[in-house]
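Please examine the sequence and the three-dimensional structure shown below. The paragraphs that follow lead through some of the strands and helices.

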Amino acid sequence: MGFSEETKRELAHAFPAAKCCRLAELSAFYDFNGYFFGSYLDINHFMPLIARKILKLLKSVYPDAQTQVLVQRARARKNQVCTVRVLTPETAELVYQALKEQEYLDEQQKVLAQRCCQRAYVRGAFLSHGSITNPEKNYHLEIFTEKSEVAEKVYLTINALGLEAKMTARKGDLMVYLKDGDQIVTLLNLMGAHKALMHLENVRIVKDMRNQVNRLVNCETANVEKTIQAAVAQIEAVKKIQERMSLSDLPPKLAEIARLRIENPYSSLKELGEMTNPPISKSGVNYRIKQLIDLSKKLE
Ligand SMILES: [Zn+2]
(Lines give C-alpha, C1' and ligand atoms only; values in the text may rest on other atoms or scores of the structure.)
Protein backbone atom coordinates (compact mmCIF):
# COMPACT_ATOMS: atom_id res chain seq x y z
CA MET A 1 0.00 0.00 0.00
CA GLY A 2 1.35 3.43 -0.94
CA PHE A 3 1.73 6.33 1.44
CA SER A 4 -1.21 8.11 -0.22
CA GLU A 5 -3.60 5.22 0.39
CA GLU A 6 -2.30 4.75 3.93
CA THR A 7 -2.99 8.41 4.68
CA LYS A 8 -6.50 8.10 3.22
CA ARG A 9 -7.23 5.01 5.27
CA GLU A 10 -6.18 6.87 8.39
CA LEU A 11 -8.34 9.89 7.49
CA ALA A 12 -11.30 7.62 6.66
CA HIS A 13 -11.40 6.89 10.39
CA ALA A 14 -11.08 10.52 11.53
CA PHE A 15 -14.64 11.40 12.49
CA PRO A 16 -15.48 15.01 13.41
CA ALA A 17 -17.15 15.54 16.77
CA ALA A 18 -19.17 18.64 15.91
CA LYS A 19 -22.21 18.50 13.65
CA CYS A 20 -21.10 21.62 11.73
CA CYS A 21 -17.86 19.82 10.76
CA ARG A 22 -19.68 16.64 9.69
CA LEU A 23 -21.77 18.69 7.33
CA ALA A 24 -18.64 20.53 6.15
CA GLU A 25 -16.82 17.28 5.33
CA LEU A 26 -19.91 15.90 3.66
CA SER A 27 -20.16 19.05 1.51
CA ALA A 28 -16.60 18.45 0.27
CA PHE A 29 -17.51 14.91 -0.82
CA TYR A 30 -20.58 16.37 -2.51
CA ASP A 31 -18.60 19.15 -4.24
CA PHE A 32 -16.23 16.62 -5.81
CA ASN A 33 -18.44 13.64 -6.57
CA GLY A 34 -22.01 14.54 -5.71
CA TYR A 35 -25.13 14.85 -7.89
CA PHE A 36 -28.60 16.12 -7.06
CA PHE A 37 -31.29 14.65 -9.30
CA GLY A 38 -34.33 16.21 -7.65
CA SER A 39 -35.84 12.96 -6.44
CA TYR A 40 -32.57 11.65 -5.01
CA LEU A 41 -29.03 12.72 -4.21
CA ASP A 42 -25.86 10.70 -4.88
CA ILE A 43 -22.31 10.93 -3.58
CA ASN A 44 -19.80 8.60 -5.25
CA HIS A 45 -16.42 7.25 -4.21
CA PHE A 46 -14.36 4.36 -5.52
CA MET A 47 -12.99 3.33 -2.11
CA PRO A 48 -15.61 1.34 -0.14
CA LEU A 49 -13.99 2.43 3.13
CA ILE A 50 -14.55 6.08 2.25
CA ALA A 51 -18.07 5.43 0.93
CA ARG A 52 -18.79 3.96 4.34
CA LYS A 53 -17.54 7.17 5.95
CA ILE A 54 -19.79 9.25 3.69
CA LEU A 55 -22.75 7.14 4.74
CA LYS A 56 -21.80 7.46 8.41
CA LEU A 57 -21.48 11.25 8.14
CA LEU A 58 -24.84 11.45 6.39
CA LYS A 59 -26.57 9.25 8.95
CA SER A 60 -25.08 11.21 11.85
CA VAL A 61 -26.52 14.48 10.54
CA TYR A 62 -29.78 12.97 9.20
CA PRO A 63 -30.54 9.90 11.29
CA ASP A 64 -33.94 9.46 9.64
CA ALA A 65 -32.76 9.70 6.04
CA GLN A 66 -33.56 6.73 3.85
CA THR A 67 -30.34 5.70 2.14
CA GLN A 68 -29.04 3.07 -0.18
CA VAL A 69 -25.49 2.03 -1.11
CA LEU A 70 -24.92 0.84 -4.67
CA VAL A 71 -21.74 -0.76 -5.97
CA GLN A 72 -21.15 -0.54 -9.69
CA ARG A 73 -18.26 -1.48 -11.91
CA ALA A 74 -17.03 1.57 -13.76
CA ARG A 75 -16.61 0.96 -17.49
CA ALA A 76 -13.56 3.09 -18.04
CA ARG A 77 -11.74 2.12 -14.89
CA LYS A 78 -10.97 -1.22 -13.34
CA ASN A 79 -12.25 0.16 -10.07
CA GLN A 80 -15.74 -0.15 -8.76
CA VAL A 81 -17.77 2.90 -7.85
CA CYS A 82 -19.72 3.03 -4.62
CA THR A 83 -22.72 5.32 -4.57
CA VAL A 84 -24.27 6.58 -1.36
CA ARG A 85 -27.81 7.59 -2.29
CA VAL A 86 -30.35 9.64 -0.32
CA LEU A 87 -33.64 8.20 -1.46
CA THR A 88 -36.74 10.22 -0.64
CA PRO A 89 -37.19 13.49 -2.57
CA GLU A 90 -37.90 15.49 0.63
CA THR A 91 -34.73 14.32 2.37
CA ALA A 92 -32.65 14.66 -0.80
CA GLU A 93 -33.82 18.25 -1.10
CA LEU A 94 -33.14 18.87 2.60
CA VAL A 95 -29.58 17.51 2.37
CA TYR A 96 -28.95 19.43 -0.85
CA GLN A 97 -30.09 22.70 0.77
CA ALA A 98 -28.11 22.07 3.97
CA LEU A 99 -24.93 21.43 2.00
CA LYS A 100 -25.43 24.66 0.08
CA GLU A 101 -26.48 26.82 3.02
CA GLN A 102 -23.62 26.57 5.46
CA GLU A 103 -22.07 29.57 7.14
CA TYR A 104 -19.52 31.08 4.78
CA LEU A 105 -16.57 33.38 5.29
CA ASP A 106 -16.78 34.37 1.68
CA GLU A 107 -20.21 34.19 0.06
CA GLN A 108 -18.84 34.18 -3.48
CA GLN A 109 -16.06 31.65 -3.08
CA LYS A 110 -18.03 29.68 -0.47
CA VAL A 111 -15.14 29.34 1.98
CA LEU A 112 -16.60 28.01 5.22
CA ALA A 113 -16.63 30.46 8.12
CA GLN A 114 -15.34 28.32 10.98
CA ARG A 115 -11.82 27.00 11.24
CA CYS A 116 -13.03 23.60 12.52
CA CYS A 117 -15.21 23.29 9.41
CA GLN A 118 -12.42 24.45 7.09
CA ARG A 119 -10.28 21.60 8.39
CA ALA A 120 -13.09 19.11 7.86
CA TYR A 121 -13.70 20.45 4.35
CA VAL A 122 -10.04 20.03 3.34
CA ARG A 123 -10.04 16.50 4.73
CA GLY A 124 -13.10 15.66 2.63
CA ALA A 125 -11.47 17.22 -0.42
CA PHE A 126 -8.26 15.25 0.10
CA LEU A 127 -10.23 12.03 0.57
CA SER A 128 -12.19 12.78 -2.61
CA HIS A 129 -9.44 13.68 -5.09
CA GLY A 130 -6.18 14.04 -3.24
CA SER A 131 -2.85 12.31 -3.16
CA ILE A 132 0.44 12.58 -1.33
CA THR A 133 3.83 11.43 -2.61
CA ASN A 134 5.92 9.03 -0.57
CA PRO A 135 8.15 11.42 1.43
CA GLU A 136 11.18 9.25 0.71
CA LYS A 137 10.90 10.43 -2.90
CA ASN A 138 9.88 14.05 -2.41
CA TYR A 139 7.37 16.30 -0.67
CA HIS A 140 4.20 16.77 -2.67
CA LEU A 141 0.54 16.86 -1.70
CA GLU A 142 -2.14 17.65 -4.25
CA ILE A 143 -5.90 17.83 -4.69
CA PHE A 144 -7.18 17.98 -8.25
CA THR A 145 -10.53 18.44 -9.98
CA GLU A 146 -11.88 19.50 -13.33
CA LYS A 147 -14.38 21.78 -11.59
CA SER A 148 -12.70 25.17 -11.40
CA GLU A 149 -15.00 26.59 -8.71
CA VAL A 150 -14.28 23.58 -6.48
CA ALA A 151 -10.51 23.90 -7.04
CA GLU A 152 -10.76 27.58 -6.14
CA LYS A 153 -12.71 26.75 -2.99
CA VAL A 154 -10.12 24.18 -1.89
CA TYR A 155 -7.29 26.59 -2.67
CA LEU A 156 -8.87 29.43 -0.67
CA THR A 157 -9.80 27.15 2.23
CA ILE A 158 -6.25 25.77 2.60
CA ASN A 159 -4.89 29.29 2.51
CA ALA A 160 -7.52 30.49 5.01
CA LEU A 161 -5.97 27.91 7.35
CA GLY A 162 -2.70 29.84 7.10
CA LEU A 163 -0.93 27.78 4.45
CA GLU A 164 0.37 28.83 1.05
CA ALA A 165 -1.04 26.38 -1.47
CA LYS A 166 -0.45 26.91 -5.17
CA MET A 167 -2.80 26.20 -8.04
CA THR A 168 -1.99 25.12 -11.58
CA ALA A 169 -3.69 23.56 -14.60
CA ARG A 170 -2.79 19.98 -15.52
CA LYS A 171 -4.31 17.97 -18.37
CA GLY A 172 -7.73 19.61 -18.14
CA ASP A 173 -7.74 19.45 -14.34
CA LEU A 174 -6.92 22.13 -11.84
CA MET A 175 -4.42 21.05 -9.24
CA VAL A 176 -4.05 22.62 -5.80
CA TYR A 177 -0.75 21.57 -4.27
CA LEU A 178 1.85 21.99 -1.55
CA LYS A 179 5.53 21.20 -2.05
CA ASP A 180 7.04 22.36 1.21
CA GLY A 181 7.70 19.66 3.85
CA ASP A 182 6.71 21.93 6.76
CA GLN A 183 3.47 22.98 5.08
CA ILE A 184 2.52 19.39 4.26
CA VAL A 185 3.14 18.39 7.89
CA THR A 186 0.91 21.28 9.03
CA LEU A 187 -1.88 20.27 6.65
CA LEU A 188 -1.70 16.60 7.70
CA ASN A 189 -2.01 17.79 11.27
CA LEU A 190 -5.00 20.02 10.45
CA MET A 191 -6.72 17.13 8.67
CA GLY A 192 -6.01 14.81 11.59
CA ALA A 193 -3.59 12.43 9.84
CA HIS A 194 -1.28 12.00 12.81
CA LYS A 195 0.23 8.64 11.84
CA ALA A 196 1.04 9.90 8.36
CA LEU A 197 2.52 13.02 9.91
CA MET A 198 4.79 10.97 12.19
CA HIS A 199 5.94 8.88 9.24
CA LEU A 200 6.75 11.97 7.21
CA GLU A 201 8.62 13.56 10.12
CA ASN A 202 10.68 10.41 10.66
CA VAL A 203 11.62 10.27 7.00
CA ARG A 204 12.55 13.95 7.19
CA ILE A 205 14.83 13.43 10.18
CA VAL A 206 16.63 10.55 8.47
CA LYS A 207 16.95 12.58 5.26
CA ASP A 208 18.33 15.59 7.15
CA MET A 209 20.88 13.42 8.93
CA ARG A 210 21.93 11.83 5.66
CA ASN A 211 22.40 15.28 4.15
CA GLN A 212 24.45 16.43 7.10
CA VAL A 213 26.69 13.37 6.91
CA ASN A 214 27.13 13.90 3.17
CA ARG A 215 28.01 17.53 3.78
CA LEU A 216 30.62 16.52 6.38
CA VAL A 217 32.12 13.90 4.08
CA ASN A 218 32.27 16.39 1.21
CA CYS A 219 33.85 18.94 3.49
CA GLU A 220 36.48 16.45 4.63
CA THR A 221 37.23 15.40 1.05
CA ALA A 222 37.67 19.05 0.13
CA ASN A 223 40.14 19.52 2.99
CA VAL A 224 42.13 16.44 2.02
CA GLU A 225 42.31 17.69 -1.56
CA LYS A 226 43.48 21.09 -0.39
CA THR A 227 46.23 19.48 1.71
CA ILE A 228 47.38 17.34 -1.23
CA GLN A 229 47.40 20.29 -3.62
CA ALA A 230 49.49 22.31 -1.17
CA ALA A 231 51.87 19.37 -0.71
CA VAL A 232 52.32 19.04 -4.49
CA ALA A 233 53.30 22.73 -4.73
CA GLN A 234 55.71 22.33 -1.80
CA ILE A 235 57.35 19.25 -3.33
CA GLU A 236 57.78 21.07 -6.65
CA ALA A 237 59.52 23.90 -4.80
CA VAL A 238 61.92 21.46 -3.12
CA LYS A 239 62.65 19.79 -6.49
CA LYS A 240 63.43 23.15 -8.04
CA ILE A 241 65.92 23.80 -5.25
CA GLN A 242 67.46 20.36 -5.83
CA GLU A 243 67.99 21.18 -9.52
CA ARG A 244 70.20 24.10 -8.51
CA MET A 245 71.86 22.89 -5.33
CA SER A 246 72.19 20.00 -2.92
CA LEU A 247 69.74 19.89 -0.01
CA SER A 248 72.70 19.33 2.32
CA ASP A 249 73.91 22.85 1.43
CA LEU A 250 70.77 24.26 3.05
CA PRO A 251 70.63 25.18 6.73
CA PRO A 252 70.01 21.85 8.58
CA LYS A 253 66.48 22.85 9.75
CA LEU A 254 65.39 23.62 6.17
CA ALA A 255 67.09 20.53 4.75
CA GLU A 256 65.32 18.33 7.28
CA ILE A 257 61.85 19.64 6.42
CA ALA A 258 62.61 19.51 2.66
CA ARG A 259 63.51 15.82 2.90
CA LEU A 260 60.52 14.99 5.10
CA ARG A 261 58.23 16.80 2.63
CA ILE A 262 59.46 14.76 -0.33
CA GLU A 263 59.39 11.50 1.55
CA ASN A 264 55.87 12.06 2.97
CA PRO A 265 53.76 13.65 0.24
CA TYR A 266 50.43 12.79 1.96
CA SER A 267 51.31 14.05 5.42
CA SER A 268 49.90 17.28 6.78
CA LEU A 269 52.15 20.05 8.10
CA LYS A 270 51.22 19.02 11.63
CA GLU A 271 52.31 15.44 10.92
CA LEU A 272 55.59 16.65 9.39
CA GLY A 273 56.19 18.67 12.58
CA GLU A 274 55.89 15.47 14.60
CA MET A 275 58.59 13.82 12.45
CA THR A 276 61.29 16.46 12.94
CA ASN A 277 63.97 16.11 15.57
CA PRO A 278 63.04 17.68 17.94
CA PRO A 279 59.34 17.91 16.98
CA ILE A 280 58.05 21.34 16.04
CA SER A 281 54.60 22.95 15.78
CA LYS A 282 52.53 23.22 12.63
CA SER A 283 53.29 26.92 12.36
CA GLY A 284 56.99 26.13 12.74
CA VAL A 285 56.75 23.74 9.78
CA ASN A 286 54.75 26.33 7.87
CA TYR A 287 57.48 28.94 8.44
CA ARG A 288 60.24 26.63 7.17
CA ILE A 289 58.18 25.53 4.15
CA LYS A 290 57.57 29.18 3.29
CA GLN A 291 61.34 29.80 3.38
CA LEU A 292 61.85 26.86 1.00
CA ILE A 293 59.24 28.23 -1.42
CA ASP A 294 60.77 31.72 -1.28
CA LEU A 295 64.20 30.23 -1.98
CA SER A 296 62.91 28.22 -4.95
CA LYS A 297 61.43 31.42 -6.42
CA LYS A 298 64.73 33.26 -5.92
CA LEU A 299 66.66 30.45 -7.63
CA GLU A 300 64.42 30.55 -10.73
ZN1 LIG B 1 -17.16 22.91 12.43
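Strand β3 pairs with strand β4 (residues 80-86) in the antiparallel sense over 7 bridges. Two strands count as paired if DSSP finds at least two bridges between them. Helices (H or I, at least four residues) and strands (E, at least two) are DSSP runs, numbered from the N terminus. Within this pair, R73 stands opposite Q80 of β4.

The model is a predicted one, in which local features need pLDDT of at least 70 and side-chain atom pairs count only at pLDDT 80 or more, while totals for chains, interfaces and linings use all residues. Residues are numbered from 1 along each chain as its sequence is written.

The strands β3 and β4 belong to an open sheet of 4 strands in the order β1-β2-β4-β3, with antiparallel pairing. β1 (34-36) and β3 (67-73) stand at the edges and have a single partner strand each, so one side of each is left without a neighbour in the sheet. From one strand to the next, the twist averages 20 degrees. Helix α2 (residues 19-33) packs on this sheet and touches β1 and β2 (41-45); the directions of α2 and β2 make an angle of about 85 degrees. Angles run from 0 to 180 degrees between N-to-C directions, and axes are lines fitted to C-alpha atoms, for helices over the stretch in contact.

Helix α2 also packs with helix α3 (residues 48-61), at an angle of about 135 degrees and with the axes 9 Å apart. That angle makes α2 oblique to α3; angles under 35 degrees count as roughly parallel, over 145 as roughly antiparallel, 65 to 115 as roughly perpendicular and the rest as oblique. The contact is made by K19, R22, L23, E25, L26 and F29 of α2 and by I54, L57, L58, S60 and V61 of α3. Two residues are in contact if their C-beta atoms, placed from the backbone, lie within 7 Å.

A further strand to consider is β8 (residues 141-145), where 5 of the 5 residues are buried. A residue is buried if 20 or more other C-beta atoms lie within 10 Å of its own, exposed if 12 or fewer, and partly exposed in between, with C-beta atoms placed from the backbone. Both faces of β8 are covered, with L141, I143 and T145 on one side and E142 and F144 on the other. Strand β7 (residues 130-132) runs antiparallel to β8 and is joined to β8 by 3 bridges; the bridge partner of I132 is L141. β8 also pairs with strand β10 (residues 173-178) in the antiparallel sense, over 5 bridges, and here E142 stands opposite Y177 of β10.
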